[in-house]
Amino acid sequence: MRNFLFAAMVCCAVSFSLYAEENQANEETKESTVEAAEAPAEGEAAEAEEEEDKLAFERNPYFNSIIFGGVSAGISIEDGDVNKEESYEIGLDNLILDFKGGDRMFNGRAMVDLGSADDEGKLTLDVIKNVSFRMQHPSFRNAAGTFGLDVNFEAGLFSMPFGIENGYDHEVAFANSAIKDDFFGGAFNDFGVSLGVDLIFSKESDLAVTLFAFNGGNETVLDGEENLFRAPAFGVDLRFNKTGDFYATAAASIVVGKAYRNYGFDVYNFEEDEIASYKNGESLDQDKNNVLMAIGADLGYNVSDDISVGFKAEFGLAHRALYNPDFENGKLISDGVKDADSSLTSWGLFAMPYATLWDVDMMARVSYFKAPFFADNVVSKDDSNLGVNIAVIYNFCDYAGIELDYDFNKTTFHGYGEKNETVSESLNTHAITLALSGAFDFLWEETKEDK
């Protein structure tokens with residue numbers, strides 16, 4: 001009996017031990033299953049947290065100063081003859097001092113280009129390129145960290161967001177653009193204010209919409225007057241940006257402003273067959289609406305850290321209403337006919353493939369534009385410029401580079417002959433330029449260790 005009880009106790013103990021081990025094994029299996037099931041969820045949470053961190057806005061005090069300068073010399077050939085006035089001499093392209101600072105939310109900027117002196121070497125207000133204040137406010141972030149909205153405000157003297165070639169010369173590799181410089185007259189670096197929203201979809205993509213108003217001082221397409229605020233202009237810029245290995249920027253910009261024209265020149269009277277002089281009267285209303293538009297894109301791919309290729313293109317349009325009163329003997333502006341057009345539309349475009357191979361930047365730009373502004377007669381609206389620009393930059397160190405440029409321009413002019421017939425003339429120009437540029441960039445930003 002005692003042996004039976006002992007055996008029964010042993011069996012119970014063994015059974016309980018086996019049951020406990022089985023339960024423990026089952027619990028471990030369940031925990032492993034739960035951990036395996038929870039692992040993706042934790043990974044997703046970590047990924048969501050990481051994505052949220054990507055959209056986080058940090059207010060870090062910083063100060064950035066840039067000194068950029070360049071000199072160049074070359075040979076200019078016009079219709080087979082060397083233009084000695086524009087050849088051989090070493091010229092100062094620019095000498096830029098650019099200072100930026102703030103805490104990322106509230107920022108200030110001051111920039112001067114000492115190379116923008118007048119023909120006599122005197123420094124004028126043209127050397128001031130930027131004196132502005134900018135606020136970037138992170139107004140919204142969703143809980144998942146996948147969408148955000150920033151509100152941006154800027155005021156002062158600064159470059160308005162217009163076209164794909166936006167920014168200052170020292171901020172882009174190939175700044176010399178006939179469409180930006182000649183057709184749009186250097187774009188719109190003016191006194192003004194801008195207000196915009198930036199829709200942030202991820203760290204690598206956003207859509208910015210900006211409204212701006214400025215003084216309209218552009219002399220090429222807005223006939224800038226001595227009175228800076230006589231003809232204010234208004235604009236809107238829509239811009240999509242994507243960064244990463246494949247990067248892209250698409251921009252659409254519109255400016256609406258007043259175009260003033262000083263008709264202080266001799267006018268041909270068609271009916272009387274004579275030249276009549278007409279001067280402006282202060283009481284005459286000459287301000288006419290002017291609409292400017294630019295649509296462009298910049299697409300590229302970073303093959304590796306040392307190799308990238310891209311393509312940039314833009315189309316620009318300017319439509320201007322002309323002050324053209326109808327007198328008893330015909331229109332003020334007669335283009336050889338009585339019924340001269342009361343508006344002028346000019347346009348331009350360019351296409352530019354480019355690449356970076358280790359320390360070498362290269363590009364080829366082709367551009368064409370009609371007359372960018374109204375001259376002394378309506379026939380000038382047919383003036384045109386065809387340009388080809390090829391450039392190679394070798395960045396031989398972190399602070400300097402040497403650039404070799406070849407430029408070809410075919411400019412076609414239109415005017416009147418002795419019998420008031422329309423005549424045209426073309427001028428072909430070739431230029432080879434060697435330029436040396438250098439830059440020094442200093443950046444201080446508060447780090448976590450400094451806090």
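Student: What does the accessible surface of the protein come to?

Tutor: This is a predicted model, in which local features need pLDDT of at least 70, side-chain atom pairs count only at pLDDT 80 or more, and totals for chains, interfaces and linings use all residues. Residues are numbered from 1 along each chain as its sequence is written, and side-chain values use heavy atoms, with hydrogens and water left out. The accessible surface comes to about 26,000 Å² (Shrake-Rupley method, 1.4 Å probe; for residues, only the protein chains shown count as cover). Carbon and sulfur atoms hold 58% of that surface.

Student: How many helices and strands are there?

Tutor: The protein has 2 helices and 21 strands (DSSP runs numbered from the N terminus: helices are H or I with at least four residues, strands are E with at least two).

Student: And which residues have the most contacts inside the largest nonpolar core?

Tutor: They are Phe162, Phe188, Phe214, Leu222, Val255 and Leu292, in a core of 34 residues. Such a core is a set of buried Ala, Val, Leu, Ile, Met, Phe, Trp, Tyr and Cys residues joined through side-chain atoms within 4.5 Å. Among the elements that each supply at least two of its residues are α2 (178-183) and β8 (205-214).

Student: New topic: is Cys397 buried or partly exposed?

Tutor: Cys397 counts as partly exposed because its relative accessibility is 34% (buried is under 20%, exposed over 50%, partly exposed in between, with a 1.4 Å probe and protein chains only). Cys397 lies in strand β19.

Student: How far apart are Cys397 and Asp359 in space?

Tutor: Their C-alpha atoms are 8.4 Å apart, and the two residues are 38 residues apart in sequence.
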